[in-house]
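Could you take a look at this one with me? I've jotted down a few points to go through while you have it open.

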Amino acid sequence: MTVPPTPAPDVQALFKASMSALASGVAVVTGTAADGSPRGLTVTSIASYSAHPPSVIVCVDETCNSYAALTTGSHFAAHLLHAAQADVAKLFASSATDKFDQVSWTRWDDRLPVLNDMLGVVVCRRISTTVLGDHAIVVGEVVDGSMREGQPLVYWRRGFYEGPGIATESG
Ligand SMILES: Cc1cc2nc3c(=O)[nH]c(=O)nc-3n(C[C@H](O)[C@H](O)[C@H](O)COP(=O)(O)O)c2cc1C
């Protein structure tokens, strides 16, 4: 039997299709701009980096308004969203300039914006920024945070879903 030749793959399409099949947790990463104002964006590029020291990695597009705050600021906060917070994910994935007027937040150490009512928060001291192509890879050492039980928000095939876990009254 003759096997028909496989068409040359469209690598961009393959990349998008395969990455969209990867179910990810969703985080909002916040930082402080040089003038002290809060910045933040939704990411799925967050991951645990090492346990010693406890650290996380996040990748930030150079075109984001939050780029300078996250790549040069001393600290950032990564907020793990719970299943009922797709609206927060959409807000921080938008180009709105009033994101922080639409959520409840406080300042950690009188400077870093930290969102309230999250599934988890890790406050990080930025220890490394590597610019590679049109993104920066930022590594932060976890210095503070909080965590509670609940279902995480999951992003899969361009949609938001409830992740596994035991449902709680607050989601
Ligand atoms: C589910 C999802 C995941 C995203 N992940 C990232 C990411 O890992 N890194 C990134 O730079 N942008 C990511 N984005 C895009 C930013 O959230 C978006 O560009 C945002 O408008 C940036 O906000 P800013 O310009 O106020 O910083 C993601 C968007 C969505 C919807």
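My notes follow, starting with the ground rules.

1. This is a predicted model, where local features need pLDDT of at least 70, side-chain atom pairs count only at pLDDT 80 or more, and totals for chains, interfaces and linings use all residues. Residues are numbered from 1 along each chain as its sequence is written.

2. Start with the ligand: 16 residues surround it, and the closest are Val43, Ser45, Asp61, Cys64 and Ser66. (A residue is near a molecule if its C-beta atom, placed from the backbone, lies within 6 Å of it.) Strand 3 (38-43) and strand 5 (54-61) each contribute at least two residues to that shell; strands here are DSSP runs of E, at least two residues, numbered from the N terminus.

3. Then there's an open sheet of three strands, ordered 1-11-12 with antiparallel pairing. Strand 1 (24-25) and strand 12 (159-162) are the edges, each with a single partner strand, so one side of each has no neighbour in the sheet. Pairing takes at least two DSSP bridges between two strands; strand 1 and strand 11 (residues 153-156) have two bridges. Ser24 sits opposite Tyr155 in strand 11.

4. Check the peptide bond between His52 and Pro53: it is cis, with omega about 0°. Pro53 is in the loop between strand 4 (47-51) and strand 5.

5. Asp117 isn't a glycine, yet its phi is positive, about 65°. Asp117 belongs to the loop between strand 8 (112-115) and strand 9 (120-132).

6. Arg157, also not a glycine, has a positive phi near 50°, and lies in the loop between strand 11 and strand 12.

Methods:
Helices (H or I, at least four residues) and strands (E, at least two) are DSSP runs, numbered from the N terminus.
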